[in-house]
Amino acid sequence: MHKMRAIPGVLILIKMFHVKKFAHAIILHEYPLSIVNHVGFRNFVASLQPMFKMVSRNTIKNDIIKVFDNLKSQTSMLLEKVTSRIAITTDMWTFNSNKKGFMAITGHFIDDSWRLQSHILRFAYVPAPHDKDVLCGALVNCLFDWNLERKLSTITVDNCSTNNAMIKTLLDEKLNKKDLLLSGRVFHVRCDAHILNLIVQEGLKVIGDSIKVRDSVLYWIGSVGRIERFEEAARLVHCSCYKKLEYNCPTRWNSTYLMLRTAIEYKEVFNKLSLTDTNYKSYPTEEQWSNAEDVSDKLKLFYHITKQFSGTQYPTSSQYFTKVCEIKLELEAWVKELNPLISDITSAMLLKFKKYWDDVHILMGVAAIFDPRYKMRLVEFFLPLIYGEEVSTKIQEVRSSCYDLFQDYMSKLSAPHD
């Protein structure tokens, strides 16, 4: 009798377990809530466990909210125990279909086991206009909601005038500078990946009509029929490249690199089609192909470094100084190349590079010093190559900033807590 009475209770527990797993699956794969009404899905679940009664949309919605609340509670308790400072990254994202803006705010810190932790603190709709006051308000609300205003180390944002103004408002009006490292001197960090994007975009403006590869790609992806003819031509010439032709997005320079890299591998296919299709009038000349190869070769460096900077599973701050210095030295070499297009592109990149270098090199140098393999040696190796006669002053700036940061940490650790 006891066993018979226990069966319904066991079934309830099993159902709760499966519903929780189902909620996690919807969250992970972004399934629509309407999946609970899909006949095929319901039949599939019934074939696995006939006794499982499918939940309603409202039930699974409430379970998803419970998962969110539970994770938020766990994150809140974790952040309360964190003894290190917390770095913030934030960015705006626009939903294409309705042009609504959303702000993502992520906290990063090293836990007591020396593991890198990253947690999304907020992903919230931000009403227009997205000016400094609106963005600042959304960010401040998040920081105060998580009680982080006295635990902050840095905030990393893209380079734009609105973000600069937002950070200034944060420092001048919303946060107590005494709670920040060096009274906020190192609070604002400019995203290095975005800096590289701006530098490359400046160089790509110079290209203009010097390379017709883009026009060729646009022609051959212009219709289903052309795509099929291109693929057939690739088979006839035994082209080993299996990548699809893709038209580049003007706001994503790496798509330009990927477009050029793929098109160059299909050069023989483009050549064959230029001999058989009288409507194909954008076939690049040999000089334009050569320019495309030279530009692709230069962009390759930026592409791989940007991928390293964009990694999420490992700390990247100690890599910035070395990689950005390498780019600076490469640009100095490229500007002397015989190809006038490369020289002009590089000159534009260098002007943009110098605009941001003075803003970021000190903090990047300090991060490089924290790499125990090199300490000051990296700074003392690269800065003479970049600054020449001014190098002593520049090295001292980095060294002094490192000492100041250490002293500030010590003073805050030894100060009595409220």
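# Briefing on a predicted protein chain

Arginine 373 counts as exposed, because its relative accessibility is 55% and the cut-off for exposed is over 50%. The structure that contains this residue is a predicted model. The protein chain has 418 residues, of which 40% count as buried, and it holds 15 helices and five strands.

**Overall form**

- The radius of gyration of the protein chain is 28 Å, whereas a compact globule of 418 residues would have a value near 22 Å.
- Taken along the principal axes, the box filled by the C-alpha atoms of the protein chain is roughly 90 × 65 × 45 Å.
- Among contacts in the protein chain with a separation of 6 or more, 66% are between residues 24 or more positions apart.
- The protein chain has an accessible surface of about 24800 Å², and carbon and sulfur atoms account for 56% of this surface.

**Salt bridges**

- The count of salt bridges comes to 19.
- One of these salt bridges joins lysine 352 to glutamate 202, with 3.9 Å between the closest N and O atoms. Lysine 352 belongs to helix α13 (residues 340-369) and glutamate 202 to helix α6 (residues 192-204), so this pair ties together parts that are 150 residues apart in sequence.
- The two partners of that bridge can be described by their accessibility. Lysine 352 has a relative accessible area of 18% and is buried, because buried means under 20%. Glutamate 202, with a relative accessible area of 24%, is partly exposed.
- Lysine 243 and glutamate 265 also form a salt bridge, in which the closest N and O atoms are 3.2 Å apart. This pair links distant parts of the chain, 22 residues apart: lysine 243 is in the loop between α8 (224-236) and α9 (253-265), and glutamate 265 is in helix α9.
- Lysine 243 is partly exposed, with a relative accessible area of 35%, and glutamate 265 is partly exposed as well, with 38%.
- Aspartate 371 counts as buried, at 8% relative accessibility. The side chain of aspartate 371 meets that of arginine 373 in a salt bridge, with an N to O distance of 2.7 Å.

**Cysteines**

- The count of disulfides comes to zero. Cysteine 160 takes part in no disulfide, and the nearest cysteine sulfur, that of cysteine 191, lies 11 Å away.
- Cysteine 160 counts as partly exposed, at 32% relative accessibility.
- For cysteine 325, the closest cysteine sulfur is in cysteine 402, at 16 Å, which is too far for a bond, because a disulfide requires sulfur atoms within 2.5 Å.
- Cysteine 325 is buried, with a relative accessible area of 0%.

**A nonpolar surface patch**

- Trp93, Phe95, Ile120 and Phe123 make a nonpolar surface patch of about 450 Å².
- Within this group, isoleucine 120 is placed in strand β3, which comprises residues 116-126.
- Isoleucine 120 counts as exposed, because its relative accessibility is 64%.

Conventions: Residues numbered from 1 in each chain as written. Predicted model: local features only at pLDDT ≥ 70, side-chain atom pairs only at ≥ 80, totals over all residues. Heavy atoms only, no water. Patch = residues over 30% accessible without salt bridge, like charges linked within 9 Å, V, L, I, M, F, W, Y side chains within 5 Å. Areas by Shrake-Rupley, 256 points an atom, 1.4 Å probe, with all protein chains shown as cover. Salt bridge = Lys/Arg side-chain N within 4 Å of Asp/Glu carboxyl O. Helix = DSSP H or I, 4+ residues; strand = E, 2+ residues; numbered from the N terminus. Buried < 20%, exposed > 50% of the residue type's maximum accessible area, 1.4 Å probe, protein only. Rg over C-alpha atoms; globule rule 2.2 N^0.38 Å. Contact = heavy atoms within 4.5 Å.
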